[in-house]
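Could you walk me through the side-chain contacts and surface features of this protein?

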Amino acid sequence: MTVPGMTQDSGEPELATIPRMISLHGAVPAGLLLSMARFLEHHPRWDHYRLVQAALAGFLVQHGLQSRAITRCYLANLFPGRAGFR
């Protein structure tokens with residue numbers, strides 16, 4: 001898969017060449033969507049953007065991706081309001 005702004009040698013994005021936020025479109029199983037909706041109903045401080053960002057960043061961190069930017073994203077979503085993670 002080719003990702004705009006990714007260098008071939010290091011795998012790290014060149015932050016100056018990619019936008020801060022992008023939009024994703026994807027299909028998810030109905031059960032997963034229902035579970036997300038239930039989670040959000042019980043956790044009013046979360047929204048679907050934060051949930052997906054935390055899940056994706058958490059998955060990458062847990063599977064060995066070593067990137068300060070991803071780790072910061074993961075921690076910032078888990079601990080909002082902590083200025084040191086942004």
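Predicted model: local features only at pLDDT ≥ 70, side-chain atom pairs only at ≥ 80, totals over all residues.

Let's begin with the rings. The structure holds one aromatic pair. Its partners are Phe39 and Trp46, arranged edge-to-face, with 5.6 Å from centre to centre and 85° between the planes. The angle counts as edge-to-face because planes over 60 degrees apart fall in that class. Trp46 has a further contact: the charged end of Arg50 sits over its ring, 3.7 Å from the centre.

How exposed are the residues discussed here? The table gives the relative accessible area for four of them.

| Residue | Relative accessible area | Class |
|---|---|---|
| Phe39 | 28% | partly exposed |
| Trp46 | 19% | buried |
| Ile22 | 62% | exposed |
| Arg72 | 42% | partly exposed |

Trp46 counts as buried because its relative accessible area is 19% and the class takes in values under 20%.

On the surface, you will find a nonpolar patch formed by Ile22, Leu24 and Leu56, which together have about 350 Å² of accessible area. One of its members, Ile22, lies in the segment that comes before α1 (30–42). Ile22 is exposed, at 62% relative accessible area.

Finally, have a look at Arg72, which belongs to helix α3 (residues 68–78). Between Arg72 and Ala57 there are 8.9 Å in space, C-alpha to C-alpha, and the two are 15 residues apart in sequence.

Conventions
Residues numbered from 1 in each chain as written. Heavy atoms only, no water. Phe/Tyr/Trp six-rings, centres within 6.5 Å; stacked < 30°, edge-to-face > 60°. Buried < 20%, exposed > 50% of the residue type's maximum accessible area, 1.4 Å probe, protein only. Lys NZ or Arg CZ within 6 Å of the ring centre and 35° of its normal. Patch = residues over 30% accessible without salt bridge, like charges linked within 9 Å, V, L, I, M, F, W, Y side chains within 5 Å. Areas by Shrake-Rupley, 256 points an atom, 1.4 Å probe, with all protein chains shown as cover. Salt bridge = Lys/Arg side-chain N within 4 Å of Asp/Glu carboxyl O. Helix = DSSP H or I, 4+ residues; strand = E, 2+ residues; numbered from the N terminus.
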